[in-house]
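This report goes through selected local features of one protein model. Please keep the sequence and the 3D view open while reading.

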Amino acid sequence: MMTKSDVLVIGSNMIDLISYIDRMPVEGETVEAPDFQMGFGGKGANQAVAAARLGSKVSFISMVGNDAFGQQQLDSFKNNHINITGVGVGTKSSGAAPIFVDKSSDNRILIIKGANNELTPEVLDKYADLIKNTKIIVLQQEIPLETNYHAIDLANQYHIPILLNPAPANKDLDINHVTKVDFFSPNETELATLTGMPTNDMDEIKKAAHHMIKLGVKNMLITLGSKGVLWVDESTSQLIKAIKVNAVDTTGAGDSFIGSFAHYYASGDDIPTAIKHANQYAAVTVTRRGTQKSYPTADELSLLVK
């Protein structure tokens, strides 16, 4: 019997290599860092874990590496109660993400895609049942663009709503496919890259968002960090403010928002309510170190958010 999911994530997984630094070294310099952690990451896996920890039935289509890290990823997915029917083992090494977090909690990230590049359009064809039996599909951009395009086409064929998180930004992203998704969620930097327009203040961000709406995008959910999330559609321009917290590590915060928004939307929340709840979830994650390890369960969240 085919398992029906609330949320299907199609995307990446990475091993996070997190260095907590006082400052970045300059060229030729060696600087001691006060702490290091290793954990599970990747935008796709992060978003899947966030939705699963909140109680959604989550399926994942991804490719892990043919190495010890790949097996550890599979074990992590199982521990988070994620359906891994669609997770294959590639021929390349696992994806990895060296991350540098400074004293102000800002981060700089490199990614090595590894086996994530083996998640091709042809792989998706094997998992049509997963694609047609879900309430919402979540996509990001740490896998080939052609795979996302094929996922969008399949989702449209089966009338499944799609949330596309265009991270990391790619100026070659095809607007014709973007207009086929239901939710398009860049941050302000990604929005600037995609539109070629400045996004230095709220007026510029709104102008760039309305530009995307005029091109045919249905809903823009622009994540603005500590400011919150700007929701724009044909008739709405609403800033839903973030919860004020003392952030210690913002790594994976955007993914926690995306995954939790998918959970709340699939659970029946309307768009602004889902954004509000997802903002609360993301706020909790930045008060903890790490990526997936910072994501609370629904029970933990109820205790932390009053």
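Thr134 is buried, at a relative accessible area of 8% (buried means under 20% relative accessible area, exposed over 50%, and partly exposed in between, with a 1.4 Å probe and protein chains only). The model is predicted, so local features need pLDDT of at least 70 and side-chain atom pairs count only at pLDDT 80 or more, while totals for chains, interfaces and linings use all residues. Residues are numbered from 1 along each chain as its sequence is written, and side-chain values use heavy atoms, with hydrogens and water left out.

Thr134 belongs to strand S8 (residues 134-139); helices (H or I, at least four residues) and strands (E, at least two) are DSSP runs numbered from the N terminus. A polar atom of the Thr134 side chain lies 3.2 Å from the backbone nitrogen of Leu8. The side chain of Thr134 also reaches the backbone oxygen of Ile136, at 3.3 Å. Both are listed as polar contacts, meaning a pair of N or O atoms within 3.5 Å; within protein, one must be able to donate a hydrogen and the other to accept it, and residues adjacent in sequence count only if both atoms are side-chain atoms. Asn133 sits in the loop between helix H4 (128-132) and S8. Asn133 is buried, with a relative accessible area of 19%, and its side chain reaches the backbone oxygen of Asp129 at 2.8 Å.

## Aromatic pairs

How many aromatic pairs does the structure hold? There are six, where rings of Phe, Tyr and Trp (its six-membered ring) pair if their centres lie within 6.5 Å, and planes under 30 degrees apart count as stacked, over 60 as edge-to-face and the rest as tilted. In the pair of Phe183 and Tyr265, the ring centres are 4.9 Å apart and the planes stand at 75°, so this pair is edge-to-face. Because Phe183 lies in strand S10 (residues 183-184) and Tyr265 in helix H9 (residues 253-266), the pair ties together parts that are 82 residues apart in sequence.

Phe183 is buried, with a relative accessible area of 2%, whereas Tyr265 is partly exposed at 28%. Phe183 and Tyr265 form one aromatic cluster together with Phe257 and Phe261. Elsewhere, Arg289 lies over the face of Tyr20, at 3.9 Å from the ring centre; a charge sits over a ring if NZ of Lys or CZ of Arg is within 6 Å of the ring centre and within 35 degrees of the ring normal.

## The largest pocket

The largest pocket holds about 1300 Å³ of space. Pockets are found on a 1 Å grid over the protein atoms alone: a cavity is a set of points where a 1.4 Å probe fits but cannot get out, and a pocket is an open set with protein on both sides within 12 Å along at least five of seven lines; lining residues have an atom within 4 Å of a point. Grid points are joined across faces, edges and corners, and the volume is the space filled by probe spheres set on the points.

Which residues lie nearest the centre of the largest pocket? They are Asn107, Asn187, Thr250, Ala253 and Gly254, out of 47 lining residues. H9 gives the most to this lining, with five residues. Among the other elements that each supply at least two residues are strand S2 (14-20), helix H1 (43-53) and helix H10 (271-285). By class, the lining has 20 nonpolar, 19 polar and eight charged residues (Ala, Val, Leu, Ile, Met, Phe, Trp, Tyr, Cys and Pro count as nonpolar, Asp, Glu, Lys and Arg as charged, and the others, Gly among them, as polar).

## Loops and backbone geometry

A cis peptide bond joins Ala167 and Pro168, with omega about -5°. Pro168 is in the loop between strand S9 (162-164) and helix H6 (175-178). His81 is not a glycine but has a positive phi of about 60°. His81 is exposed at 69% relative accessibility. Ser105, in the loop between S6 and S7, also has a positive phi, of about 80°, and is buried at 4%.

Val181 lies in the loop between H6 and S10 and is buried at 0% relative accessibility. Leu224 is buried at 4%, and its C-alpha is separated by 6.0 Å from that of Asn187, 37 residues away along the chain.
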